[in-house]
Amino acid sequence: MKTPFIIDPKLYEMSLDLLNDLHFIESKGKLVDFSFFNDDKWLSETAVIENLAKVAGQWDIELLFAMHNNPLKFIKRFIVSYSCPRKATLIASIMRRQAAKDQRGTLVVDFEGIQISEN
Amino acid sequence: MYSTKNKILNASIKLFNEYGVASVRLQQIADEIGISVGNLAYHFKTKDFIVSSVYEKLFDDFNLILGNYLLSPSLEDFDKQISSYFDFFDKYHFYFSDLFSNEHQIPKIKEEWNSLINKMDLQIKKRLEFYAKSGFFKEINRNNLQTVTDNVLLTLIFWIPQQKMQSKIVSLFRYKNAIWCLILPYISNEGFPELQKVLNDNNLL
């Protein structure tokens, strides 16, 4: 027979008190708390472009997330830096493929979408 | 899978309930499921091994009920736990002789029973305290709370054997009724609609 697990009654009482308190402390989340989801939803529809920049002797990998139907809506994020350019190029392409929704790269940014006013 | 081991354990529980743990022989268990004593001995060397395994199963079931403490803040949660206690105490009636024996053939079993009953007592007390704090209960002083706890515990554990002793019908409906009747006088106006919902769901009172 298994050795019974014995918990000190005072400790057990305290843990029950904490369980009771959970129902008073915890409250339901508000819809506003979930707004980050809607705010960042556009990121799932972006084309990802990798960018290498030489900064202070290191090759910085930056990823640019651009919305494919509105290229003016984009963000650029620094990911990591490498001292070897070949390694940085390889890692950058891997990172782009991981980050992109469309891994084969058929989703491209439509430059025609940029309607620059000539006025 | 419904293995021979499980069949042996279920038959043992049935026979323990009917004749008591001490009176059941291996031959009876083997006859109950239609196997030979030799086959039985292959799975469990002695009766002590069967008794240990039955108690292991029993304590696992009890721990499962204790693990479902206050999953939601409603009175319905307590109602669900009452149903689980009924199933448990009805399935293992032989527990009754254990609770009154001073010594058990396996001392660990007595120790485990004590620990579990103490946990159950604490859980009921803390649950009632929680309901008082959430406004479901009227203002209740410590002494009264302890008395209600003791009464609920007594009813949960001893209601089934007491009814059987008087040859009355043992049903979940009557069991729940007995417990909610103890709690009813302490329910506040705020808690009454909640209780009404639980009672209506079960067609009680």
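Buried means under 20% relative accessible area, exposed over 50%, and partly exposed in between (1.4 Å probe, protein chains only).

Before I start: this is a predicted model, where local features need pLDDT of at least 70, side-chain atom pairs count only at pLDDT 80 or more, and totals for chains, interfaces and linings use all residues. Residues are numbered from 1 along each chain as its sequence is written, chains are lettered from A and ligands numbered from 1 in the order written, and side-chain values use heavy atoms, leaving out hydrogens and water.

**Entry 1: the search.** I looked for salt bridges (a side-chain nitrogen of Lys or Arg within 4 Å of a carboxyl oxygen of Asp or Glu). The whole structure has 12 of them over all chains.

**Entry 2: B:D61 and B:K91.** I found these two side chains in a salt bridge, 3.7 Å from N to O. B:D61 sits in helix 4 (residues 47-67) of chain B and B:K91 in helix 5 (residues 75-91) of chain B, so the pair ties together parts 30 residues apart in sequence. My helices are DSSP runs (H or I, at least four residues), numbered from the N terminus. B:K91 is partly exposed at 34%, and B:D61 is partly exposed at 25%.

**Entry 3: B:K126 and A:D17.** What is the distance between the closest N and O atoms here? I read 3.1 Å for this salt bridge. B:K126 is in helix 7 (residues 107-133) of chain B and A:D17 in helix 1 (residues 9-25) of chain A, so the pair joins two chains. B:K126 is buried at 4%, while A:D17 is partly exposed at 28%.
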